[in-house]
Amino acid sequence: MKETMKLVTVLFCITAVAAIVLGVTNQFTSPIIEHNAMVKYQEALKEVYPEADEFKKVEEDYSDNPNIEEVQEAYKGGEVVGHVVKAVGNGGYGGDIVFVIGLDNDSKVVGFNVLSASETPGFGAKVTEPDYTAAVIGSENAEAIHAISGATITSNAMARGYKAVWETVGHLKGTVEKVDISDVRKQMVEEMFPGKTATELDYTDDNILWAAKVEDTFLFQVKTKEGFGGTVEFFVGIKDGAISNYKVYRHAESEGYGDVIATDKYAADVVGKTSPDEINAISEATLTSDVMKSGFEAAFTAYESLK
């Protein structure tokens, strides 16, 4: 018994010392890691916009945009000559791809640099290669940037990031109208419940962006996990424990496969279901099916909490 207690005491002391050492080490190394990341980022700003002599961060909240981290105005001689965007190609084959891209005042790419990526060598990893960078430079819109052969998932992730970059810069310049999500929700309510109004409810989580009640129906704006083409956003109404209304807001799933989630046939299939397990999987679109199921699960969980 004494030997056992002695062994327990020794193990406890070793664990405690290890925890203290790890905590102290982390305390000293974390600032160094953050500093090195900041230095790398500052170097990337200059690399993607070498003409600029100063950068000023745009004080805007991009927390609702999964593809944009921040935007810097690029200055030369006190004049704004363009923008540098730190963007995210979310849902790459190896995870998110973080990159910085410089656009001049004509919205043409003047520089590009990947900060972090874990894509497959020889395929998606080509986004980090000089040839890819050279192909991106000079592009005037997201559609002008070609996909990488044999790397569909990586290409789709980057396409989402590029689209967000041009839209964000367009919003700042006033050339692209910014979507007001409140207007989107009002429009969705009108389309799904003609002539009715929604009363907003106090409920959000990682997958439920908005909750409301339209008469006896609970309505949820759902954002799924990463599908084949990124996250999917849809509105779903639940009444008396069953799905009563369904409409996709935005998605980028594969044509002819995952994109069936936006069809009337799919909507007709989900209406009336009382559980996500009752919703049929989409043929040859396993990932899309899985993320939609998790989205419906979040909606039913919210319904049970609010009813």
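Tyrosine 246 has a relative accessibility of 10% and therefore counts as buried, where buried means under 20% relative accessible area, exposed over 50% and partly exposed in between (1.4 Å probe, protein chains only). The model is a predicted one, in which local features need pLDDT of at least 70 and side-chain atom pairs count only at pLDDT 80 or more, whereas totals for chains, interfaces and linings use all residues. Residues are numbered from 1 along each chain as its sequence is written, and side-chain values use heavy atoms, with hydrogens and water left out.

**Aromatic pairs**

- Rings of Phe, Tyr and Trp (its six-membered ring) pair if their centres lie within 6.5 Å, with planes under 30 degrees apart counted as stacked, over 60 as edge-to-face and the rest as tilted; by this rule there are 11 aromatic pairs.
- The ring centres of phenylalanine 99 and tyrosine 162 are 5.4 Å apart and their planes stand at 55°, so this pair is tilted.
- Phenylalanine 99 belongs to strand E4 (residues 95-104) and tyrosine 162 to helix H3 (residues 152-173), so that the pair links distant parts of the chain, 63 residues apart, helices (H or I, at least four residues) and strands (E, at least two) being DSSP runs numbered from the N terminus.
- Both phenylalanine 99 and tyrosine 162 are buried, and one aromatic cluster is formed by Phe99, Phe112, Tyr132 and Tyr162.
- Tyrosine 246 and phenylalanine 296 form a tilted pair, with 5.9 Å from centre to centre and 40° between the planes.
- Phenylalanine 296 is buried, its relative accessible area being 1%.

**Charges over rings**

- Lysine 56 lies over the face of tyrosine 75, 4.8 Å from the ring centre, given that a charge sits over a ring if NZ of Lys or CZ of Arg is within 6 Å of the ring centre and within 35 degrees of the ring normal.
- The charged end of lysine 86 sits over the ring of tyrosine 41, at 4.8 Å from its centre.

**Salt bridges**

- A salt bridge is a side-chain nitrogen of Lys or Arg within 4 Å of a carboxyl oxygen of Asp or Glu, and the count by this rule is 11.
- Lysine 86 also meets glutamate 69 in a salt bridge, at 3.3 Å from N to O; lysine 86 is buried at 18% relative accessibility, while glutamate 69 is partly exposed at 41%.
- Glutamate 140 forms a salt bridge with lysine 108, their closest N and O atoms being 3.8 Å apart.
- Lysine 307 and glutamate 304 form a salt bridge at 3.1 Å, N to O, in which lysine 307 is exposed with a relative accessible area of 58% and glutamate 304 is partly exposed with 46%.
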